[in-house]
Each structure stands twice: as C-alpha cells, then as structure tokens.
Amino acid sequence: MHTLIMKNADHRANVESIIEGHHHFLERNTGRTDDATKQHYVFNPEGIVSNNRHFIAHTMMEYQPNGDAPSESQSLLILGEVHAYLATKEQRYLDKAIEYFDAYVKYYYEGDPIPDTPRRWIANWLCNGKEPVLANFPINDSQPTQGGYKNVPIRFVNGKAMVPQGSPFWGEYMDVATWAHRGHMAWPAINGGVRAIQDTVDWDDIYDNYRITTMPANPADQLAWIDWPRYLGKPSYTVDWSSPEPPLQLIEYIVAWTGDRIGVLPGKNDELWGGEILESGLPDSRKGEIQLRDHTVNGVYLLNYSVKLPVDKGGYLLKRNEVWHNRPINVPLHGELQRGNAADAELWFCDCCYMLWRITNEQKYYNAWQAVLFTLEEYLDIDRQDQFFRQDPSASSPFTDGISYDWSYPEEAQALYSRDANGYIDLRQNEIAQSSLEQQAVWFKVKPSAKIRTETGGLDDADGNISVKVEMYMNREKVDVDANIYRFVAQLPPLAATPTNYDIPLSDFVAGQKGDGSEYILADIRAAVDYGNTVVRQVYRTDILDNRRGNTIQFTIPDGSSGGIIGFWLLESSRSPLTGLTYTSTGPLLLKATDDQGWNWERPLPAAGGWTSITIKNSDFTLASYQENPGTPGKDHPTWTDIPQFSFVLPDGVETSTMLSYYCVNDVPPRYDWDIGYTIKYRLTFSAEHPYLVKLGDCTVIDYEPDNLAYVPGLVPFSNIYNTESQQFDGWHGMPYPGYQYPFIFTHDDTAIGAKRMENMTNFLYDSQQWYFKRFGQLGPGASAYIWNRWDNFKYGVADTFTMYHWGNGSAWSGYQPRAYFSAARAVYEMKNRGKTPPAKLVKYVENWTTWLLDFMERSGGVSPTNFPQEGVAMPDPTDFTGHMCGLWLAGASMDALCGSSVKGVERLMDLLVNELEDHYDITGVPGHIMDGGWSPALRLSTGSGPESNAMYFGFYSGEILRGLSLYLLYKNKGVGADIYDLGK
C-alpha cells in the first residue's frame, strides 16, 4: 500500500507514491458489472475504462447511457501508463499500457487488424463498458441514429396523452420522448428538425388511418411504417422549407418503463435530455403517459419517442464491450463505416501508437501509428476530399458527398439509380423527361480559370444525343448565400457513348439570370417548333460570338410554306419582350409576331455570315401582308411590351433554302469573370427525345484555390462521420475549436504539405489566443471555437470569426482550454527532441499560457482555473477542483519546462499544481476503502467502502493525471532538454 509523504517535503517522492497509490485504486476498481446499481467499477476485466464509475441513470430521458466507455478515456489512459513507465521504469505500467492498447484495438476497432500499410482504420468513439443493456427501439440498421418512432399520431387532451401499450407502440417500455409537433421532419431522427406544412391537414383522419395499420414483420418494412408519412405513400401536403421551424410541443414529463415520472423542468434543466425523477413506483397502467408543457394542447399531434423493448418482444440486447452510439438514442452499430471516432481520441491514440513504438520498437505499433495518421489526414483534408458526385465502386447510393438530391420533370417521371461494375452512377429515365441532380454543400473557392469537371456519357434509346446542361450557383463572398447567389450556365457537347471528362472553364459559363432576377433566354430545343418542311435541330458550337461554347438551335427553312417558331413558354410568365437576337443566317428572312389583338407584324432579318447581335424595336415592324382580321389596326407599329412567341419565314417570293441558327434572344448573357467566387450549388440536367440511360462519374472542380477555408489544410474539424452508402465523410463537419487540435501529428512530416498543415494549426491556436487577449485583456487562454465560412457554420454566428460560444449560444466545455495548452507544448517538445525548430508562434502560444497560468495560481493561492465563461474571465474557485484539468495544466507546464521555457516561474507553477493534486488525493481513513488513491468529485462515504459504494469517479481523470505527474517526475529527474524516450537514464 502506498504511503503519502508530507506535503511540500520532497515532491518527487510524493509523486511516485501517488502514482503507485493510484494504480492500487485502479486495481480495486476493476471488475465485472452485472447490475450497475450494485457494482461500481472504473474498469471491466477486459481492460476497458468507463466514463463513470458511479451509477447515473436507467433511461435516456435522464442522461446518457450509464455504460458509456469513450475512446477518449482509453487513449488517455494508455498515454498515462506510458508516461508513468518512462518516469519510473516500472515494467508493470508498460504492461498496463499494452493491455489497454490491445483492448482498444479489440473493442473500439472491433478487432479489425492493424493495417500492414497505411490506410483508413476506423475506431468507434464509444463501447459498452458495463453490463448488457437493452437498445432503444425501433432500430434502423442502415442509419442507427435515425431509429425510434417518428411522427406517431397521438391524441392529446389538455396536453396529456397515453402512448398505447402493447404492439406496435409499446408505450409501457417508454424510455425517451423529444417533442410533439404538426410539421414535416427535416431529417428522420427523433430529435430531427421540423418544417412547416403549408396546407390544411386532417389530423383526425391521419390518426384514424394510422391505427388500422399493424407493425409489419419485415424490419425494413417496419422502418417505412414507423417513419411516417412514408407509409402513406406520397405526402398530400406541401412543405415550406424556407420558413423557420414551427413551434415544437416540448415535454413536461414522461412515465418511463421504470415506473418513474421523469420531467425536464423549464428554467432548471431545459435541455432535451437531463430529466429528473419526480415520482417513483407508479403503476404499470401509467407507463407511456406523456404530458406536454403546454396544458392547453388538444387534438392529434405527431410524437417522436423511443422505447426499450425486451428481447422476447423483438428488442436488441447491447453486449458487454459492444460498440454503440448514445445520441439521440442508444443503439448498436453494424460494420466499419457506421463506426466513427472522436477526433480528439484519434489524435491521442496516434500519440499512443507512436510512443509505444519508440519504447518497444515493435513494428505493430509503427504500423498502427501510420494507419492512424492516414485516417487523420482524411479528417484534415476537409473540402479536398469532397466532390459533387463521384465514380465509386463501393458506394450504394448516387449521393455520396455533401447534400445532394434529384428531381424530374414531369414529377412523376422519377429516375432510377444504380451503379455499374466500375462504380459509375447509372441514371435510367424511362420517360421522355428531364432529370436533374444537384449538390448544395460542396463549396470550392475558384478563379475564372478553374474548370468544372463533369464525367458523363450515354445515348438515348434511339441512339440519339442526351442533352446535358451544367449550372453553377456562385457567390462572391460565401456569406448570405441565400440572398446573393448568381446562376451561371454551360452546355456540354454531344455525349460520347462511354463516360468522358468534360472540363469546362468557369470563364466559358454564362450568366443564367440578370440582376433583376429575370432569365437570359438561351437557345433551347424545347422552345423551338418547326412547321411545313422546316428541319430544326440542336447544334453544339464553340465559335459563338467571343468563342463561347454552347447550344444553338438551327432552323433549315426550305420554302415559302415552311417556317420556324421560337416560344417563351419555358419562362415562368410564358411571355417576354422582344428586344434582340443573336444569330447567323445564310440568307434574308422575315421575323414575324402577332400582337394580343391578333394583328400580324413583320420585320426583315438580314443575312448574317457570322454571329451577329441585333437590336429589335417595335418601330422596326410593319403590318404583314396577310391578316386574319378584316380592316386595319389603326396604328403603324406594334405596341406590345411582351409576346408569347415569334417566327421566321422566307420573304415573299423567295424559295431559296435558308439556314438560321440562334444563340439567344434579347440580351447576350455575360461570361463568368469574377476574380474570386465560391461554388454554392452544382446542378446537372439531362434531357433527350427518347428514354435514356446516362452514366455519371466524377463531378468536381479542377484547379480550385486551396485556401477555401481559414486555417485549412491542417485544422481538425469537429465531426468526421462516415457515410455508410458512400464511404465518404458526411457533409456536416461542425465548427473547429482549439481543444481539438494536436500539432504533434505533424512533427514527423517533413514534406511541404506537412509544414503547411503545421503552420495552419499553429496559426489557429495562436490567433485564438490573441483574439481572447483583445476580447478580455488576458494573454493565455484562447477562444472556445471558430465559425468557419462554410454552410454548416452560418447559423452559429458571423463567419470567419472566433467565439466563446459553441453551436450558437452553447457553453464550451472548459476542459478544452488545458487540452489546447498541453497539445501545443507536446508538439514543441517533439520537434525539439527531433532536432527541429518549432514554429515561433507555437512556442509563444505555450509560454503565454504558462505565464498566465502561473499568475492565476499565485493570485488564487494555488487554485487552478476550472471554468472559462462565455463572457468574462476565469475566476478561482477553491470548491471546484477538477482532476483532469489539473493533470493537464501540470502536463503542459512540465512539457514547457522540458523544452527550456523562458518563463522563470515554470517550476513554481509545476509545484503549485502538484500541491493541488496532493490536496485532493483521496485517503479516506477506512482501511482498504475502494476509493483510496483516486480523485473523486464526490466520495459518498455513506454508500459503502467496496464495489457497492456509489462514489463518483470519471475514467478519463486517470490518464490525464498520470501523464501530468509522470512528466513532472521526468523533468525533476532529467532536467531541461531531457530525452524522455531514453530508457538508459
């Protein structure tokens, strides 16, 4: 058993004793949990560390799952044990690090072997560290987080309702409810957003029809039924996607499967989850009861909820150590691409692999290090990985990247999609119809020289051409995108039968609409009609006017009884002024039009050997010789402002075949010429004269500008969720923040791109610190987050700015502040250890932190900071010791000292932090007490002294504290510039 030496005597001896004593704590707190209310352990026998030792809750309505075991805690513990070994040379500690590493691979990677060569290697951020528990039901096997019941019509009386017990609604197993509503869900998760319905809906009819349906036996059919309104077929209403979210009916309480009445109380705990047990021991008859906060609600509303269904009724039991997801419901994951690691855990596990390789020289750790680096580089290349659409043999969906979708005109002529053996998207249109595909969340920064690549090919069923229009929706500054989008258009040449890359420079795109929103009227075969013996066809040309490319419509008019018509029926108003024409013609023609009173007018159209743009005025027209109406119009020229169509004919008496081609009517659209722009939307539209099959491959931007996002490449985003249907990242990446950065990952990359990534991550950390200094007048801490100039960040605030808020108005976790400090210090040390010069800004960032932290602790009497508010600066709170933060502060200060910090008081700072850890080190005085040797936020001595004790402890404290104490020892024993990896000293 450890012996704690008197405080302030010899810190090294004290620290060695504490490290040993904490290992005894971990040993006593290792065990198998069969009932989480009776057995309380940090570790299970398989070497997995749980988030919480203490029992939290049975239901999702109260809190996150009690058995959460995060990869963050596991990777930190490996690092803590590695550092403890380096500091003490105790083989037991290295053995533990290896045991925890092996458990990480076995459970978080689900046993996927360490790759022999660098490639993507995906861990999950959570597994079940405790006893088997029921998953939330219903389960969506293909999209696990989208399980649960959505849009179930429930009748409320004074805000109260009963979810029916028994199949198919299982109200007696109610576990969590989010809200009731009368809208259309924007995405099918129980916490999904809702959009307003524009039409009147007969809610009573929906309620009655829903209840005559029983749960289908086939799981796939169950999901279609559960995710109403799909089970009804095509929705019989219109969704207002542009309006704000309609009011949600929030939950006051539910009566859960536990027999507890669980309430989320406004003002006290107003989060979606985080309910409190208000009453227990309620009869089974009340299970499934829902009370809304608004007691005046009456009638049918749609409820989102989930249950914990027993296995014998069709539920699923989550196994011990099985990977899972915990929000918005607790569900199993299936397969590699449903897993996804927390970015910070991936960064730390990279360090774990590297350090174990340095210590053991075993190839498997080197291979793991390289595989994790490869996986991280995919995180870092945000936007570089994205395409509008892509050729991908492994994808099952045509929609692989960002936010993409399709539609057809007419609407009922829906396209059918598949992938061929080479991974090309096959779009089959069985009607004579247009099919459009659009991407709205892949944004590139471009100059006019950038090329829009569209890889496509195919012929229609009569071996005719498939027309392909490419539209780019551009914005100059990537802000206020909904109000400042401009559409530019290009036409592809006739397609080859097999997919071909069509790279069209942006400078060859032309404006699709004017500043006032009206359309430029480009040649379109759908607007052209022939009569008599005229032949009309679409011709792609590259010699139009200023050598622009595009479609032209060619009329060949052979005789006086034939002609061609150009109509405006494709426009929203079906009418347009006639003010100009851009054309070529082998001979003279007459341009004719009829006014609303039925009078026919004409004007000569001279021959034009090359492309000519003419102005057309009403005064150019004279009364045609042929009139259907008797009499005269009483005017010399037409007075129309707009007309529905006009036509071409040969002049009277001329029978010479004439060929006319036109490019546009009225104004000539300007070419794209912005110095810099952003691709906000990419749209493809296919059409043909017969049904068709078209193939689509890689659609992206070539030669875009690399600085699309601030601090990219090199910045780690918040979210890196894989798309199971495409093997790509999901479109949403969230806002980046300093606590997720770990520049160590670049310290062994001596390439130009490695240097650029290090520069960007360093600048991000340094700039966040300077922003905080300007904002609050203290030089050390950093901003909580950054709002990227990206579609998924705009709702959080002003783009390209730092902020103290998370996700809009949320508070950032204060633990991210010391994580940023330590991560920078870790990178500075690694570069110096390699004989490289670390970036000056990174060194300055660390030393600013050290100076600020020393000043804070000296002024506070040895209390380290634990809270960084949104408004105002950190203030000392002696009652709020937070073990993992203190361990991080100590680790950062010790790394800075090892690097030869210019801060004179760095050793004083280290001693103050060790003092604080000593002060809060648990020695209960009860012989053999299970909590001796830890740092508990609440010892709860009255609950017992063994596993039955429900004393609080968080698993991730251990790794952070062990690392900090061990780095302190390494510095004290080896001094400035020491090689911590040298086991011979």
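Predicted model: local features only at pLDDT ≥ 70, side-chain atom pairs only at ≥ 80, totals over all residues.
Helix 9 (residues 816–833) packs against helix 10 (residues 840–860) at an angle of about 130°, and their axes are 9 Å apart. The protein chain around the pair has 13 helices and 45 strands, and its C-alpha atoms fill a box of roughly 120 × 70 × 50 Å along the principal axes. Here is a short tour, topic by topic.

**The helix 9 and helix 10 pair**

- Two packed helices are described by the angle between their axes and the distance between the axes.
- The crossing of helix 9 past helix 10 is left-handed.
- On the helix 9 side, the contact is made by Gln 817, Ala 820, Tyr 821, Ala 824, Ala 825, Ala 827 and Val 828.
- On the helix 10 side, their partners are Leu 842, Val 843, Tyr 845, Val 846, Trp 849, Thr 850 and Leu 853.
- The residues of this contact divide into 12 nonpolar, two polar and no charged.

**The chain as a whole**

- Of the 985 residues in the protein chain, 59% are buried.
- Among contacts in the protein chain with a separation of 6 or more, 72% are between residues 24 or more positions apart.

**Thr 552, a residue to look up**

- Thr 552 lies in strand 31 (residues 548–557).
- Is Thr 552 buried or exposed? Thr 552 counts as buried, at 0% relative accessibility.
- Leaving aside residues up to four places away in sequence, Thr 552 touches Ala 523, Arg 537, Gln 538, Val 539, Arg 541, Ile 544, Trp 611 and Tyr 662.
- Between Thr 552 and Arg 419 there are 33 Å in space, C-alpha to C-alpha, and the two are 133 residues apart in sequence.

**Cysteines and disulfides**

- A disulfide is a covalent bond between the sulfur atoms of two cysteines.
- How many disulfides does a search of the whole structure find? The search finds zero.
- For Cys 350, the closest cysteine sulfur is in Cys 353 at 6.7 Å, which is too far for a bond because a disulfide needs the sulfur atoms within 2.5 Å.
- For Cys 352, the closest cysteine sulfur is also in Cys 353, and at 6.5 Å it is too far for a bond.
- Cys 350 is buried, with a relative accessible area of 0%, and Cys 352 counts as buried at 0% relative accessibility.

**Backbone features to look for**

- Most residues other than glycine have a negative phi, and most peptide bonds are trans.
- Arg 327 and Pro 328 are joined by a cis peptide bond, with omega about 0°. Pro 328 is found in the loop between strand 16 (324–325) and strand 17 (331–332).
- Tyr 409 and Pro 410 are joined by a cis peptide bond, with omega about 5°. Pro 410 has its place in the loop between strand 18 (404–409) and strand 19 (416–419).
- Asn 158 is not a glycine, yet its phi is positive, at about 55°. Asn 158 lies in the loop between strand 4 (149–156) and strand 5 (160–162), and at 46% relative accessibility it counts as partly exposed.
- Arg 940, a residue other than glycine, has a positive phi near 50°. Arg 940 is placed in the loop between helix 12 (906–919) and helix 13 (956–974), and is partly exposed with a relative accessible area of 33%.

Technical notes. Residues numbered from 1 in each chain as written. Heavy atoms only, no water. Axes fitted to C-alpha atoms, helices over the stretch in contact; angles between N-to-C directions. Helix = DSSP H or I, 4+ residues; strand = E, 2+ residues; numbered from the N terminus. Left-handed = near helix turned anticlockwise from the far one by under 90°. Contact = heavy atoms within 4.5 Å. Nonpolar A, V, L, I, M, F, W, Y, C, P; charged D, E, K, R; others polar. Buried < 20%, exposed > 50% of the residue type's maximum accessible area, 1.4 Å probe, protein only.
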